[in-house]
Amino acid sequence: MSKEEQSPEISEAGPDLSHHTIVAAGSGKTAANEGAQAKNVYNAELFAALQETRINKWSKESIHLYFAVLVAFSCACANGYDGSLIGSISAMDHFKKTFGTSLTGIRLAGISSLYNVGSIVTSPVGAIISDRYGRRVGMFCGAWVIILGSIVAASSHKMAQLVVGRFILGAGIQMMTVAAPAYAVEISPPHWRGRCVGFYNNGWFGGSIPAALITFGTNNINSDWSWRIPLILQCFACIFVICAVWFIPESPRYYMANGRHEEALAFLIKYHGNGDANSRLVRLEIEEMREGIKVDGLDKVWWDYRPLFSTHHGRWRMAQVLMISIFGQFSGNGLGYYNAAIFNNMGITTTAQQLGYNILATALQAMGGLTGMSLTDKMPRRKVLVIGTFVCACVLACNAGLTSAMKVDNSVSPSKITNLPYAKGALAFYFLFQVSYGFTYTPLQGVIPAEALDTNRRAKGLAASGFIVGCMGFINTFCTPIATGNIGYKYVWIFVGWDVIESILWYLFCVESQGRSLEELEHIYAQKNPVKASLHVDKVVVQADGRVSEKVVEEL
């Protein structure tokens, strides 16, 4: 047992884990007590446990937990860095000269898409490492592979070496992005889960904004170092992960799934129970884990992915994973890989302008993402996805409509837009899309799959998600430069129509997971109609001292 799991002191008698306290059913009579009030909650038992177990936000243990989430955040930084990097260095003259590329075309598509191919091919490897050796080892191994890929890519002089480096980078990212979100969701207290996992996924901007700033600065270097330096600096977040990962605790659900119950209990007491072995929240969580987590079975066979689809609840879980994985990559955000080409269509033609606007677009999406993350534990996931996706469709439609109305005078060099207000309007709506997409998808891309999958299937499910994301990313990165080169702004209309379809599908099939423990979702997914079951709420009576006195039922 590691040092951090030994510290909580358990009384000689030991914690009473035989059962957790059930909220008494009643008719609501206690609501008449002075200061009492009725509330609608998704889970009466969890709500009561959280009311009685007030975790100190600034205790030593909580700060250590924040640091652990920061390590997971750094894994997402490495992914986000690359997302902004290619869109920036592809606009640099020295990069275009060295590899014979332009802002569009099949050569640039090949360089960009090999990253996703690496991610697709190595998806099962990430699940094997994370399940067998732990979430921390998965992050550690992924970081080393990314460093290797960065060295290969940054030292390249030929197209072949560059695409090999891109393939290795994609492989490393896949290892990290299987382990890191699973880790973030599994260590978080239930009422912090949305913010912790949302913060992890906002690590995309922790990488993409520095990448945009670095490339904006290095663009002034009149040599190949203008693009080599940004590639080298891709190692920075990985070095932090390699050093920090051994100073954070392992996931309690990984311990439980591998028969290490005492270590799982020690973690929960220390980080979720304020050191109290008899904490109501600890008793609830440990009992639910014991009921829901298996230590053997098909989920332990590394090559067998049938458990993801072999049961009714497994298929519903994977439906959530499929939707967020596909929609999160194909809602128009893929245009951001080629912001330089998009801005060129709007009349922004100089490299400096394109790189500057790329920084602004990334920063605006980060603002939307951070705002959404701060509200994730309060807002219903389903409503955000339904409404937010439809808003994305609307603002992209406005962008495409205004771009189509632009008139360009090609008789002068360089060509000039004669009706500038339309171009400015198109740019404004493109930026509004960045905010809308960031608010809707950035926090929930990490939250939805991690919550939908139970512990037995989480690593494999996230690997499957990574495979799907890689496939969608390949389509985005390979097709976008070809499509924008051939049909220009009209390519945006494809995402407008698809976003409308996405919004309808979210309404019909999205299972609400906000306000419930990970293990309680097992009951929701086992129902005939999980969507309807997930919208059911419990009515409880909360007394003036914060104690939950009863769960109101219609008939006793």
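## A tour from a buried arginine to the cysteines

Start by selecting Arg317: its relative accessibility is 1%, so Arg317 counts as buried. Keep in mind as you look around that this is a predicted model. Arg317 belongs to helix H16, which spans residues 312-327.

Now show what surrounds that side chain. Which residues is Arg317 in contact with, leaving aside its neighbours within four places in sequence? They are Glu451, Ala452, Leu453 and Asp454, together with Leu521, Glu522 and Tyr525.

Next, move to the largest nonpolar core, a set of 89 residues. Highlight Met139, Leu385 and Trp506, the members that touch the most others in it. Then colour helix H8, residues 159-187: with 9 residues, H8 gives this core its largest share.

Zoom in on Leu385. Once neighbours within four places in sequence are set aside, Leu385 is in contact with Ile324, Thr440, Tyr441, Leu444, Ile448, Trp506 and Cys510. Apart from this core lies another, of 19 residues; to find it, select some of its members, including Ala127, Leu308, Leu462 and Val511.

Finish with the cysteines. How many disulfides does the structure hold? The count is 0. Select Cys77 and Cys75 to see one case: the closest cysteine sulfur to that of Cys77 is in Cys75, 8.7 Å away, which is too far for a bond, because a disulfide needs the two sulfur atoms within 2.5 Å. Cys77 is also buried, at 9% relative accessible area. Then try Cys196: its closest cysteine sulfur is again in Cys75, but 15 Å away, so a bond is ruled out here too. Cys196 is buried as well, with 11% relative accessibility.

Notes
Residues are numbered from 1 along each chain as its sequence is written. This is a predicted model: local features need pLDDT of at least 70, side-chain atom pairs count only at pLDDT 80 or more; totals for chains, interfaces and linings use all residues. Side-chain values use heavy atoms; hydrogens and water are left out. Buried means under 20% relative accessible area, exposed over 50%, partly exposed in between (1.4 Å probe, protein chains only). A nonpolar core is a set of buried Ala, Val, Leu, Ile, Met, Phe, Trp, Tyr and Cys residues joined through side-chain atoms within 4.5 Å. Helices (H or I, at least four residues) and strands (E, at least two) are DSSP runs, numbered from the N terminus. Contact means heavy atoms within 4.5 Å.
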